[in-house]
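Good morning, and thank you for coming.

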Amino acid sequence: MEEAYKNAEELAVESGFEYYHFLDVSTIQLLPEVRQMCEANTCGKYGASWACPPACCSLEEGREKISHYRWGIVVQTVGQLEDSLDFEGIMEAEETHKEHFHDLMDKLREQFPGMLAMGAGTCTICAKCSYPDAPCRFPDRQISSVEAFGILVNDMVSKNGLKYNYGPNTIAYTSCCLLG
Ligand code: SF4
């Protein structure tokens with residue numbers, strides 16, 4: 001496992017990540033409270049994507065999926081903002097994170113074809129999700145968010161060597177891949 005993780009870490013660096021850590025899957029908790037936050041639909045994606053609740057999976061189905069893994073890698077992008085209203089900076093950091101994460105997933109998939117990826121925010125592979133009129137266009141590539149599984153990002157990163165808050169005028173995006 002150690003060597004396989006080191007290899008995943010090297011790929012994370014190659015993909016542009018500065019923040020990454022070993023993910024001990026036994027620390028991950030799937031919480032109904034997080035799913036309730038999805039249901040509040042502040043992001044507008046609840047019931048609007050195959051990768052988001054309720055379509056992605058129930059809490060129990062998520063537990064079942066995760067139960068097949070023991071370890072993975074968690075990666076973060078930390079964006080520096082001019083101030084807390086720097087929306088351009090926020091979007092730029094999100095875009096960079098997604099770009100790096102897609103690159104990492106492509107690399108990891110070659111070595112870990114059965115991996116389970118969880119991203120930051122809803123799946124944006126298609127400009128407009130086909131939900132609910134037609135099946136997902138890329139079922140093997142769709143990415144549900146960490147929160148869609150019911151995971152509190154703060155809890156996951158703090159139990160796995162990373163931070164949730166990197167200080168004033170920063171924003172952190174977090175994704176992970178369960179690998180083995
Ligand atoms: S791959 Fe496309 S159709 Fe499938 S969940 Fe993502 S955005 Fe929706």
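I shall speak about the sheet, the open and closed spaces, the ligand, and a few local details.

First, the ground rules. This is a predicted model, in which local features need pLDDT of at least 70 and side-chain atom pairs count only at pLDDT 80 or more, while totals for chains, interfaces and linings use all residues. Residues are numbered from 1 along each chain as its sequence is written, and side-chain values use heavy atoms, with hydrogens and water left out.

Let us start with the sheet. Helices (H or I, at least four residues) and strands (E, at least two) are DSSP runs, numbered from the N terminus. Two strands pair if DSSP finds at least two bridges between them. In what order do the 5 strands form the sheet? The order is 1-2-5-3-4, in an open sheet with mixed pairing. Strand 1 (19-24) and strand 4 (144-145) stand at the edges, each with a single partner strand, so one side of each has no neighbour in the sheet.

Next come the spaces. On a 1 Å grid over the protein atoms alone, a cavity is a set of points where a 1.4 Å probe fits but cannot get out; a pocket is an open set with protein on both sides within 12 Å along at least five of seven lines; and lining residues have an atom within 4 Å of a point. Grid points are joined across faces, edges and corners, and a volume is the space filled by probe spheres set on the points.

The largest pocket has a volume of about 870 Å³. It is lined by 32 residues, and the closest to its centre are Cys43, Ala120, Gly121, Glu147 and Val153. Helix 2 (32-39), helix 4 (87-111), helix 5 (153-158) and strand 5 (170-178) are the elements that give two or more residues to this lining. Which element gives the largest share? Strand 5 does, with 5 residues. For the classes, Ala, Val, Leu, Ile, Met, Phe, Trp, Tyr, Cys and Pro count as nonpolar, Asp, Glu, Lys and Arg as charged, and the others, Gly among them, as polar. On that basis, the lining of the largest pocket divides into 18 nonpolar, 10 polar and 4 charged residues.

The second largest pocket has a volume of about 280 Å³. Of its 17 lining residues, Leu116, Ala117, Pro139, Gln142 and Ile143 lie nearest the centre. Two or more residues of this lining come from each of helix 4 and strand 3 (116-119). The classes here are 11 nonpolar, 2 polar and 4 charged.

We turn now to the closed spaces. The structure holds 2 cavities of 30 Å³ or more. The largest cavity contains about 120 Å³ of space. Among the 13 residues that line the largest cavity, Cys123, Cys126, Cys129, Cys136 and Gln142 are the closest to its centre.

Where does the ligand sit? The ligand sits in the largest cavity; the rule is that more than half of a molecule's atoms lie within 2 Å of the grid points. Residues around the ligand include Trp50, Ala51, Cys123, Cys126, Arg137 and Gln142, where a residue is near a molecule if one of its heavy atoms lies within 4 Å of it. By class, this shell has 8 nonpolar, 2 polar and 1 charged residues.

The second largest cavity holds about 80 Å³ of space. Helix 4 gives the most to its lining, with 4 residues. That lining has 4 nonpolar, 7 polar and 1 charged residues.

Finally, some local details. Side chains of opposite charge can pair when their charged atoms come close. A salt bridge is a side-chain nitrogen of Lys or Arg within 4 Å of a carboxyl oxygen of Asp or Glu, and the count comes to 7 salt bridges. One of them joins lysine 6 and glutamate 9, at 3.1 Å from N to O. Both residues lie in helix 1 (residues 2-14), 3 residues apart, about one turn of the helix.

Most residues other than glycine have a negative phi, and most peptide bonds are trans. The peptide bond from proline 53 to proline 54 is cis, with omega near 0°. A cis peptide bond also joins tyrosine 131 and proline 132, with omega about -5°. Proline 132 is placed in the loop between strand 3 and strand 4. Asparagine 41 has a positive phi, near 55°, and is found in the loop between helix 2 and helix 3.

Thank you for your attention.
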